[in-house]
Amino acid sequence: MKNKKTPLRSIRKMCLDCQETTTDVKNCMHTDCVLWQFRMGKGRPRLKDIRKYCLWCMLEDKNEVKLCPVTECPLFPYRMSKNPARKGIGATKEVMSKLRGSRASKGLKKTTQSHS
Ligand code: SF4
Ligand code: SF4
């Protein structure tokens, strides 16, 4: 099976780079680190979490995160809160705006799904 890069795997790699051994990662005491709960390669991190980490790394300077020169950092592809693997997936802003316009003209309101 192909070992696909994902935000979770990238966090795990980041933690392994940060500490000496897998045991050190397991025993990491930095519970305030935004990646801590995902350090064992489990859970569902949000791209926002990675972004937060990058901002911490660059002393909260958004421009420095954008211009980060460390392209080999495991978190690099996600530093702007975007997942390059999902580029082009989902509706664009233009499509969504047309859809909203069309729904509004038909008098349809936004509904929530319910399971009975
Ligand atoms: S949780 Fe944070 S401090 Fe701990 S190993 Fe991962 S990156 Fe390093
Ligand atoms: S991608 Fe850049 S800003 Fe983000 S953690 Fe890595 S080195 Fe820091």
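The structure shown is a predicted model.

**Exercise 1.** Determine how the residues of the shell around ligand 2 divide by class, and which helix gives the largest share.

*Solution.* Step 1: list the surroundings. Ligand 2 is surrounded by Tyr-53, Cys-54, Cys-57, Met-58, Val-65, Cys-68, Val-70, Cys-73, Leu-75, Phe-76 and Arg-79.
Step 1: sort by class. The shell around ligand 2 contains 10 nonpolar residues, no polar ones and 1 charged residue.
Step 2: assign to helices. Helix H3, residues 47-57, supplies the largest share, with 3 residues.

**Exercise 2.** Carry out the corresponding analysis for the shell around ligand 1.

*Solution.* Step 1: the residues surrounding ligand 1 are Met-14, Cys-15, Cys-18, Gln-19, Val-25, Cys-28, His-30, Cys-33, Leu-35, Trp-36 and Arg-39.
Step 1: by class, 8 are nonpolar, 2 polar and 1 charged.
Step 2: the greatest contribution, 3 residues, comes from helix H1, which covers residues 7-18.

**Exercise 3.** Which residues of H3 are buried, and against which helices do they pack?

*Solution.* Step 1: Asp-49, Ile-50, Tyr-53 and Cys-54 are the buried residues of H3.
Step 1: viewed down the axis of H3, these buried residues lie within an arc of 140°, and therefore they line one face of the helix.
Step 2: the buried residues of H3 pack against H1 and against helix H4 (62-66).

Key:
Residues are numbered from 1 along each chain as its sequence is written. Chains are lettered from A and ligands numbered from 1 in the order in which they are written. This is a predicted model: local features need pLDDT of at least 70, side-chain atom pairs count only at pLDDT 80 or more; totals for chains, interfaces and linings use all residues. A residue is near a molecule or strand if its C-beta atom, placed from the backbone, lies within 6 Å of it. Helices (H or I, at least four residues) and strands (E, at least two) are DSSP runs, numbered from the N terminus. Ala, Val, Leu, Ile, Met, Phe, Trp, Tyr, Cys and Pro count as nonpolar, Asp, Glu, Lys and Arg as charged, and the others, Gly among them, as polar. A residue is buried if 20 or more other C-beta atoms lie within 10 Å of its own, exposed if 12 or fewer, and partly exposed in between; C-beta atoms are placed from the backbone. The arc is that of the directions from the helix axis to the C-beta atoms. Two residues are in contact if their C-beta atoms, placed from the backbone, lie within 7 Å.
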